[in-house]
Amino acid sequence: MKPLSFDIEETLRLFDQKKIMDLRGISNRLVREAALSNDYSKAELGTIAYALHKIETKSHFVRNPQWGKVKQEISSHLNQAALAAKEDKREELMEALKTIIKNIMEIDNELGNYAQNIYEKAKVKQASQAYSYGLSISQAASLTGADQKELQSYIGFTTMHDEEPEAKNIKQRVNELKQILGA
Amino acid sequence: MKAVIDTGTMITLSGTCLMNVFRNFVKTNKIELLISSTVAQESVWKPINNKRFALNAARIKYAMSEQIVKLMPMTPEISNYQQKIMNLSNNIFFTKDGALKIIQLGEAEALALAKVYGAKALFVDERTTRALIENPSRLKQVLERRQEQPVRVNQQNLDTLRAMFPDLLMFRSVDLIATAYEQNLFDHELAHGKLELEAALYASKYNGCAVSEREIEEYINNSNSK
């Protein structure tokens, strides 16, 4: 597992070089590692990387001059975060990451077309990954800060539950339930 | 009969608008259905301030005020069991990076309630908590496949955890809905028909209940009524 400072620098490099799909790739790796080690900072960086990936895929964002300015600010905050992570300054690191999230949410409020913020969607998307790695739904939601109801609903529309057969099927459970109910 | 219900199942039932079926099921079968303070927090008090989720939360709040579910306050005994369950559960599966933290306080509290009140059933829609008690070897396989690395099991912790729940049976919202259907309890919400049953089971799946399409189809196809 790479140190967080390395991951932040890598995210910054991919973001600056507009390597959109690689941003998504690093986001997935970060969430996987966060799920393994219960690392909330990695999960947050993974969610940020995913949100940045989404923004960079939207032409109405990237063509807007406002995005250029915000992008510079985000790069600068990623630099600060990397430095803070290297020096093990936890508060500064979290502060820098929070500022990036604020930047993303503000630009999304101005330029986005949906009521639900890109960052909120990123939290749900990446929490669903954590769930797929075997965490419980509330543990996965807590890792990225996603809302549990939204996460549940998101997972419901994936094929995740079709891939892992249950120990007992509906009929078996219904029979057990009726038995203990005396029905 | 005493039973405990987890946040996810409450959310699924309110999200599918099947609260009347749920009420009929609980009242007809005289179930004393307990929820923990964390479940109330996660399914009512937190989402009720969010306009997107407030209606669902209000439905659950109503179920609480109607005594369909009974809110159990946190006690030192529940808290002790909750901590014990958290510590055991989150120190069972290990990768080379250490212990996998697989459950949260809410799920541990639901299990603690089941233990303290001697519940016979736990309604839980998400797969990890259920698999932990019911079928941990399958959970290990899932963890290994998903994490693409070997997972070591602390057998002592696993045995201690499972020994706490020798007779606890686990059910999902789909199992509750199917049982309600078989007991002819869809009244006041839906007609008693295969189409309605199928719609209700799929609504539950799409609200996040861990059930496969194959499982639903199998059940529907073997169901006797029209």
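Predicted model: local features only at pLDDT ≥ 70, side-chain atom pairs only at ≥ 80, totals over all residues.

**Exercise 1.** Work out what chain A is built from, and how much of chain A is buried.

*Solution.* Start by going through the secondary structure: chain A has eleven helices and zero strands. Now check burial, where a residue counts as buried if 20 or more other C-beta atoms lie within 10 Å of its own. Of the 183 residues in chain A, 48% are buried.

**Exercise 2.** Describe how α8(A) and α9(A) meet.

*Solution.* Take the axes to begin with: they come within 10 Å and cross at roughly 115 degrees. The crossing of α8(A) past α9(A) is right-handed. Then pick out the residues: I137(A), S138(A), A140(A) and A141(A) of α8(A) touch Q148(A), L151(A) and Q152(A) of α9(A). Finally, sort them by class, and you get four nonpolar, three polar and no charged residues.

**Exercise 3.** Find which parts of chain A touch chain B.

*Solution.* Count the contacts on each side: 37 residues of chain A are in contact with 54 residues of chain B. On the chain A side, the elements giving two or more residues are α2, α8, α9, α10 and α11. The largest share, nine residues, comes from α11(A). Sorted by class, this side of chain A has 15 nonpolar, 14 polar and eight charged residues.

Key: Residues numbered from 1 in each chain as written. Chains lettered and ligands numbered in written order. Contact = placed C-beta atoms within 7 Å. Helix = DSSP H or I, 4+ residues; strand = E, 2+ residues; numbered from the N terminus. Nonpolar A, V, L, I, M, F, W, Y, C, P; charged D, E, K, R; others polar. Axes fitted to C-alpha atoms, helices over the stretch in contact; angles between N-to-C directions. Left-handed = near helix turned anticlockwise from the far one by under 90°. Buried ≥ 20, exposed ≤ 12 C-beta atoms within 10 Å, placed from the backbone.
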